[in-house]
Amino acid sequence: MLPVVLVHGIRLSATMWDPVLSHLSRLGRPAAAVDLPGHGTRRGEPFTMDAAASAVADAVDALGGRALVAGLSLGGYVGIATAERFPARVAGLMAIGCTGLGSAAGPHRFAASLAARNPSLANRISSYTLRRLLPGPVGEAMVAGGVFCEVMPQAVDAVADQDQLTALASYPGRVWLVNGTRDPFRVHERAFLRACGNGRLILVPRRGHLGVLAAPGALARLVGDLCDQVDHCPHTGAERRV
């Protein structure tokens with residue numbers, strides 16, 4: 001059974017995936033979530049895209065050397081980088097909420113710089129906001145491993161310097177671009193889809209940037225379905241709604 005490596009969003013940690021991991025375990029799907037440099041158990045390490053991709057590749061190796069890589073937001077951009085750098089390890093790529101071009105990162109650079117000026121305050125605001133956006137166990141999992149706003153400028157710079165379209169074009173495997181229909185990061189999704197040699201766009205109705213995590217059971221089932229498709233199902237169509 002193809003394993004899964006899950007990659008977290010900016011300033012968060014691997015614990016954000018705990019509800020999804022729980023459902024994947026019930027489905028019998030081997031899976032692991034990874035902490036990126038500067039986040040979670042790797043707090044204080046410099047964040048670079050090379051180091052982040054290597055962390056994901058190491059997690060894939062720990063699961064046998066080949067896995068579906070699924071990442072949200074920053075994690076999706078890191079997944080794209082991992083697929084470019086380590087294509088033999090990435091059996092398929094599920095990139096969630098990350099179809100805004102890094103070259104348009106100006107406003108995000110400003111927000112990241114502002115947060116890093118007073119990370120303690122920014123961490124508290126982030127924790128409060130995430131718990132309000134995703135009440136209950138899902139929101140608690142988002143912040144259980146800590147919040148790390150001090151690393152945001154490095155992460156945003158790394159995404160801004162990344163050529164996502166070239167990276168996707170170079171990857172020979174299957175790619176699923178997953179966006180909530182209310183996610184502002186959808187802005188360049190058609191360009192991302194065109195760049196993929198074997199890509200598909202999946203739209204989740206009435207969900208925003210983090211909203212796809214609100215139903216961890218449904219997300220786990222989707223992940224499992226995509227794993228099953230990697231080796232057994234031909235590419236069909238360009239867009240799907242779930």
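Which residues of helix H6 (residues 137-144) are buried? They are Val138, Gly139, Ala141, Met142 and Val143. The legends below start with the whole chain and then zoom in; keep in mind that this is a predicted model.

**Figure 1. The whole chain, with its ten helices and seven strands.**
The radius of gyration is 16 Å, close to the 18 Å that the globule rule gives for 242 residues, so the chain is as compact as a globular protein of that length. Its C-alpha trace spans about 50 × 35 × 35 Å along the principal axes. Buried residues account for 55% of the 242 residues.

**Figure 2. Helix H6 and what its buried residues pack against.**
Here the buried residues of H6, Met142 and Val143 among them, pack against helix H1 (18-26), helix H5 (119-133) and helix H10 (216-232).

**Figure 3. Ser127, a buried serine in helix H5.**
Ser127 has a relative accessible area of 13%, which is under the 20% cut-off, so it counts as buried. Setting aside neighbours within four places in sequence, Ser127 is in contact with Val143 and Val147. Val143 is one of the buried residues of H6.

**Figure 4. The salt bridge between Asp61 and Arg89.**
A search of the whole structure turns up ten salt bridges. In this one, the side chains of Asp61 and Arg89 meet at 2.8 Å, N to O. Asp61 lies in helix H2 (residues 49-62) and Arg89 in the loop between helix H3 (74-85) and strand S4 (90-96), so the pair ties together parts that are 28 residues apart in sequence. Asp61 is partly exposed at 36% relative accessible area, and Arg89 is partly exposed at 26%.

**Figure 5. A salt-bridge network of Asp50, Glu84 and Arg85.**
Within it, Glu84 pairs with Arg85, the closest N and O atoms being 3.6 Å apart. Glu84 is partly exposed, with a relative accessible area of 34%; Arg85 is partly exposed, also at 34%.

**Figure 6. Asp157 and Arg109 joined by a salt bridge.**
The N to O distance is 2.7 Å. Asp157 belongs to helix H7 (residues 152-160) and Arg109 to helix H4 (residues 106-117), so the pair ties together parts that are 48 residues apart in sequence. Asp157 is partly exposed at 32%, and so is Arg109 at 37%.

Notes: Residues are numbered from 1 along each chain as its sequence is written. This is a predicted model: local features need pLDDT of at least 70, side-chain atom pairs count only at pLDDT 80 or more; totals for chains, interfaces and linings use all residues. Side-chain values use heavy atoms; hydrogens and water are left out. Helices (H or I, at least four residues) and strands (E, at least two) are DSSP runs, numbered from the N terminus. The radius of gyration is taken over C-alpha atoms; the globule rule is 2.2 Å times the number of residues to the power 0.38. Buried means under 20% relative accessible area, exposed over 50%, partly exposed in between (1.4 Å probe, protein chains only). Contact means heavy atoms within 4.5 Å. A salt bridge is a side-chain nitrogen of Lys or Arg within 4 Å of a carboxyl oxygen of Asp or Glu.
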